Amino acid sequence: TERAIPRLGARGIANACYGIARLRFAPARATMRLLGAEATSRIEEFDAQGLANTAWAFATLGIPDHRLFNAIARESEQRIGSFEPQGLASKAQHARAAALRGDCAPERAAHQQ
């Protein structure tokens, strides 16, 4: 399954992350890390819902992927004028959950790179 990740596309990656998190499928941590790396490298391809679902999935599973959270934050910041209010609220909720766990602290992310 890991070999198929690059062929999923942004929507497929977001949907896979969301589905794994909805199932709370803990053994999928390695797969989530691969999905996170692929999402980070293709972050500009994600729509607002994909950004929100991906952030929610990693926050829900408690998987700290600093590069991914920072990429989502940067991409969201660049597109903030085009987001719908519901999308903004969703992203804010997911970012808050990640921040409360310390998953997206910029100073921690710099040390992870």
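How many aromatic pairs does the structure hold? The structure holds one aromatic pair, where rings of Phe, Tyr and Trp (its six-membered ring) pair if their centres lie within 6.5 Å.

Before selecting anything, note that this is a predicted model, in which local features need pLDDT of at least 70, side-chain atom pairs count only at pLDDT 80 or more, and totals for chains, interfaces and linings use all residues. Residues are numbered from 1 along each chain as its sequence is written, and side-chain values use heavy atoms, with hydrogens and water left out.

**The ring pair**

Select tyrosine 18 and tryptophan 56. Their ring centres are 5.1 Å apart and their planes are at 40°, so the pair is tilted (under 30 degrees counts as stacked, over 60 as edge-to-face, the rest as tilted). Tyrosine 18 sits in helix H1 and tryptophan 56 in helix H3 (residues 48-61), 38 residues apart. Helices are DSSP runs of H or I, at least four residues, numbered from the N terminus.

Tryptophan 56 is buried, with a relative accessible area of 19%, whereas tyrosine 18, at 32%, counts as partly exposed. Buried means under 20%, exposed over 50%, and partly exposed in between (1.4 Å probe, protein chains only).

**Helices H1 and H2**

Next select residues 9-23 (H1) and 29-41 (H2), whose axes come within 10 Å and cross at roughly 150°. That makes H1 roughly antiparallel to H2, a term for angles over 145 degrees. Axes are lines fitted to C-alpha atoms over the stretch in contact, with angles from 0 to 180 degrees between N-to-C directions.

To see the contact (heavy atoms within 4.5 Å), show Ile13, Ala16, Cys17 and Ile20 of H1 with Thr31, Met32, Leu35, Glu38 and Ala39 of H2.

Methods: Helix = DSSP H or I, 4+ residues; strand = E, 2+ residues; numbered from the N terminus. Parallel < 35°, antiparallel > 145°, perpendicular 65-115°, else oblique.
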